[in-house]
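Please look over the sequence and the 3D structure shown below before reading on. The paragraphs after them are meant to be read with both in view.

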Amino acid sequence: MNGFVWLVGAGPGDPELMTRRAARVLGEADLVLYDALVDPRALDLAPQARRFPVGKRAGRPSIRQETINRLMVRQARRGQRIVRLKCGDPFVLGRGGEEALALVAAGVAFEVVPGVTSAVAAAALAGIPVTHRGLAAGFVVVSGHAETAYAPVLDSLAPHSLTVVVLMGLGSRSAVAARLLARGWSPLTPAAVVLGAATDEARTWTGTLGALGSTPLAGDAPNAPGTIVVGAVVSANAVCPGASVMGVPPITTVGLPVVA
């Protein structure tokens, strides 16, 4: 008997921000392969499943992507119902596309269950819209884990043309800021770092692009999870200070005031 795989987005943190479909398939799963940053409360939605951590964190030993792919295929061929639970959305810097291609190549049936990406949700939970009339009509999302990942995109942007959202980039925020400044962005451009979005420890630093790379963040570590937002939209958080979305506690703001 052939099994089935669901590639599921766990959203930005709080399990209440997961989709109803994500919660349902977790309840049907025999095996859950979950990322390092998945909230443990999300795993409670899979009471009958075995749960195995396969998350990858920068600078730490981790399971190779090829191993994860083989594990999904092997267990599906044994008739297992598998949830591959990924933070945010599976197809937004989550390597979900690679996993989908591996399942197609192996002839394993699967379904993608989208999730709320932290690229948008982290900023929203801090009261920052990634687009705002008169400030930004679009945004770009890049990975900050390596210069080769973000440099070509940042180099192609006209200064202040779009909101810049950087995922997995706390350790490289100095380099990101320096690159934007070198391309003509003003050092007074509003910037924010959202840490632990949709968790009880959620907090955000707000300040300027010029200070982004040099200001210490409380509890910061080079590989800590966080979302960087750069652009005039950061100043719009004054419109909705202490924003709360769907009952998620508002983020506590620390650091410098925003310079408009």
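Predicted model: local features only at pLDDT ≥ 70, side-chain atom pairs only at ≥ 80, totals over all residues.

Residues are numbered from 1 along each chain as its sequence is written, and side-chain values use heavy atoms, with hydrogens and water left out.

The chain has eight helices and eleven strands. Helices (H or I, at least four residues) and strands (E, at least two) are DSSP runs, numbered from the N terminus. Of the 260 residues of the chain, 48% count as buried. Buried means under 20% relative accessible area, exposed means over 50%, and partly exposed lies in between (1.4 Å probe, protein chains only). Contact here means heavy atoms within 4.5 Å. Among contacts between residues at least 6 apart in sequence, 70% join residues at least 24 apart.

Which residues of the largest nonpolar core touch the most other members? They are V164, V193, L212 and V230, in a core of 23 residues. Two or more residues of this core come from each of β6 (139-143), α6 (147-156), β7 (163-167), α7 (173-182), β8 (190-195), α8 (209-212) and β10. A nonpolar core is a set of buried Ala, Val, Leu, Ile, Met, Phe, Trp, Tyr and Cys residues joined through side-chain atoms within 4.5 Å. In soluble globular proteins, nonpolar side chains tend to be buried together. Leaving aside neighbours within four places in sequence, L212 is in contact with R173, A177, V193, W205, I228 and V230.

Strand β10 spans residues 226-230 and includes T227. This threonine is buried, with a relative accessible area of 5%. Not counting residues up to four places away in sequence, T227 touches S118, A122, V165, V166, L167, A192, V193 and V194.

In α7, the buried residues are R173, V176, A177, R179 and L180. Seen down the axis of α7, they fall within an arc of 160° (taken from the directions from the helix axis to the C-beta atoms), so they line one face of the helix. Among the elements that cover them are α6, β7, α8 and β10. Just after α7, G184 takes a positive phi of about 105°.

In helix α5 (residues 118-125), A119, A121, A122, A123 and L125 are buried. The buried residues of α5 pack against β6, β7, β8 and β10. At the start of α5, a side-chain oxygen of T117 reaches to within 3.1 Å of the backbone nitrogen of A119. Just after α5, G127 takes a positive phi of about 80°.

T117 is also one of the residues in contact with D89, along with G9, P114, G115 and V116, when neighbours within four places in sequence are left aside. D89 lies in the loop between β4 (81-86) and α4 (96-106). Is D89 buried or exposed? D89 is buried yet has no salt bridge, and the nearest side chain of opposite charge, K86, is 9.6 Å away. A polar atom of the side chain of D89 does lie 2.8 Å from the backbone nitrogen of F91.

The structure holds twelve salt bridges, each being a side-chain nitrogen of Lys or Arg within 4 Å of a carboxyl oxygen of Asp or Glu. R84 forms one with D35, the closest N and O atoms being 2.9 Å apart. This pair links distant parts of the chain, with R84 in strand β4 and D35 in the loop between β2 (31-34) and α2 (40-43), 49 residues apart. R84 has a relative accessible area of 0% and is buried; D35, at 15%, is buried too. R84 also meets E99 in a salt bridge (3.0 Å, N to O), and E99 lies in helix α4. Salt bridges that share partners join D35, R84, K86 and E99 into one network.

Finally, two loop residues have backbone angles to note. Most residues other than glycine have a negative phi. H160, in the loop between α6 and β7, has a phi near 70° and is partly exposed at 41% relative accessible area. M168, in the loop between β7 and α7, has a positive phi of about 55° and counts as partly exposed at 48%.

Note on methods. Lys, Arg positive; Asp, Glu negative; His and termini not counted. Polar contact = N/O pair within 3.5 Å; in protein donor to acceptor, adjacent residues only side chain to side chain.
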